[in-house]
Structures are given as structure tokens and as C-alpha cells.
Amino acid sequence: MTAADPLHQARRALTAARRVTVLTGAGISAESGIPTFREAQIGLWATFDPRQLASPEGFAENPGRVWDWYQWRRTLIGNSAPNPGHRALAELQRRRPDLVLITQNVDGLHQRAGSRGVLELHGSVQRTVCSVTRRAIDADWLARHADDHPPPSPHHPDGLARPDVVWFGEALPADVLEAAFEAAANCDLMLVVGTSGEVHPAAGLPRIAREQGATIIDVNPQADAIREFADLVLARPGGEVLPKLIGPD
Ligand code: APR
């Protein structure tokens, strides 16, 4: 490993950093077998129409189709496991308890890998809520109504069960977003893994960090919108390069 090697430089920058914030996207779960959204031909949006499946309008138009698509994603996620990239980030947080992990993913794999206090900007498919009140709906109720697509809500006569995820056009959870902005504004290094950097407000977080002087490390085998201003680019899959970046204890 030479001094000019981006991995060597990234390891040195990480070692020197006082406050680390991490932002992840669908790419970190790719090696767990969960499709990303925008990769050409293989991304979910190359096959499915996000307006129909990840929007309030799509749910209103055909709640059964949206419910079934998320049930498919839940099953896919349930059959997947955290990969070495998720585990490396959980290990980094064990060494740096003040590390803040922000994710755009809704698969819950960071938590299954051991990460704590994960800021889920776009919610989680592991939680189901009432479409009117947004109150949580428990698994027993869903099991009793497994033949309904979607199940009705126990909380409101007009409500239906929906995944607790942020759809296009919907507001992000204000408390989570506030904490994410705080973590971007107060870090001296942001590690960005597996995001195209195209969807705001998440995509604005690395810019906020950069503008206040943080070092930006981008981990992505492909070009992305972060790369144009990142200090260091590790153009390798997260599952391969994160264990090398974090290194043995
Ligand atoms: N390691 C790291 N990055 C990877 C890997 C990998 N093994 N495999 C793919 N990638 C990269 C791709 O090159 C791509 O740039 O992950 C990125 C995934 O980008 P998107 O599919 O756009 O996913 P993301 O950035 O998370 O999308 C943001 O858009 O559709 C909404 O709500 C959805 O949270 C999602 C948001």
C-alpha cells in the first residue's frame, strides 16, 4: 500500500478524525442481495415505476399492488443478511461510540449488524403503520388479516396498513432529519457509502459536511454525485473495502 493509495490516505484520515458521521445508501446492501434503485438495468426503478409503488398517489390508486410490492421487498430483506460492509461500520461505531450512522435504506440491515442509534431518513419496511394516523400496527393484527392486501388499520375506519417508509413527495421524519443535519454539521469526517447522491435532502448532507470543513470519503464502485467534491474516492464495493478501511482493532 503506497502513501498515494486512496485506501491508505482514507485510513489515515479516519484515524485522525475526531467526529465521524456515516451516510449510506442502497449500495451498501447490494452485496446482501438487495437491489439498488438507479443502477442501469438492475435497479428497482429500471423494473418498477416508483410513482406507482413508492408514492402516496400510487398507494391511493392501488393499495394492494403497493402492499404486495413491499411484502416482496420484506421477504427479500428477511432472506438477506448484513454483509462485511454493514459489519465494518458496526465495528467502527463500537470503537467510536459517538459515531452517527445515517441511512437512506429501509432494510434494517445496519441494526442487524449491530449498529445503534441508526438515523433512518426514509423509515423502515420493518415497521407497519396506519395510513391515516401513522400509528404503529403490530404483527399480531397483520397476521390475523394476512389475507387482506393491504390489511385494514385497527386505528382508523378509513385507514389501511402501509409500510413506515417515506414515499416520494412525503416529508421525512423531522426529528430524524434534524439529527442528521446536526451530525453533518458537526463532524470532521463524513464517510459516504453506496449512494448515487441524487435524492434530497439526504444528498445535501455530504455538502453540508464539506462546507464546514469535513473530509469526505466516498465509497462507490461507480461515479456518483458525491465524487465531484469528495476528498477521497474508494471506487470499490463497500463489502470489500470497508473492512480494509476500518482495519483490525
Ligand atoms: N458498494 C458500494 N456502492 C455500491 C455497491 C456496493 N457493493 N453496489 C452499488 N453501489 C452504488 C451504485 O453505484 C449507486 O451509485 O450504490 C448506489 C445506489 O444508488 P441508488 O440506487 O440511487 O440508491 P440510493 O442512493 O440509496 O437512493 C436514494 O432514492 O429511490 C429512493 O428512497 C429511495 O433511499 C432511496 C433513495
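A backbone N or O atom of glycine 194 lies 3.3 Å from an oxygen atom of the ligand, in a structure that is a predicted model. The protein covers 93% of the 740 Å² of accessible area that the ligand has on its own.

Side chains also take part in polar contacts with the ligand. In arginine 38, an N or O atom of the side chain is 2.7 Å from an oxygen atom of the ligand. Histidine 122 likewise places a polar side-chain atom 2.9 Å from a ligand oxygen atom.

From these individual contacts one may turn to the surroundings as a whole. The ligand is surrounded by 22 residues, and the closest of them are Phe37, Arg38, Thr195, Ser196 and Asn220. Sorted by class, this shell consists of 8 nonpolar, 11 polar and 3 charged residues.

Is serine 29 buried or exposed? Its relative accessible area is 1%, and because buried means under 20%, serine 29 counts as buried. Beyond its neighbours within four places in sequence, serine 29 is in contact with Ile34, Asn83, His86, Asn105, Asp107 and Leu109.

Methods:
Residues numbered from 1 in each chain as written. Predicted model: local features only at pLDDT ≥ 70, side-chain atom pairs only at ≥ 80, totals over all residues. Heavy atoms only, no water. Near = heavy atom within 4 Å. Polar contact = N/O pair within 3.5 Å; in protein donor to acceptor, adjacent residues only side chain to side chain. Areas by Shrake-Rupley, 256 points an atom, 1.4 Å probe, with all protein chains shown as cover. Nonpolar A, V, L, I, M, F, W, Y, C, P; charged D, E, K, R; others polar. Buried < 20%, exposed > 50% of the residue type's maximum accessible area, 1.4 Å probe, protein only. Contact = heavy atoms within 4.5 Å.
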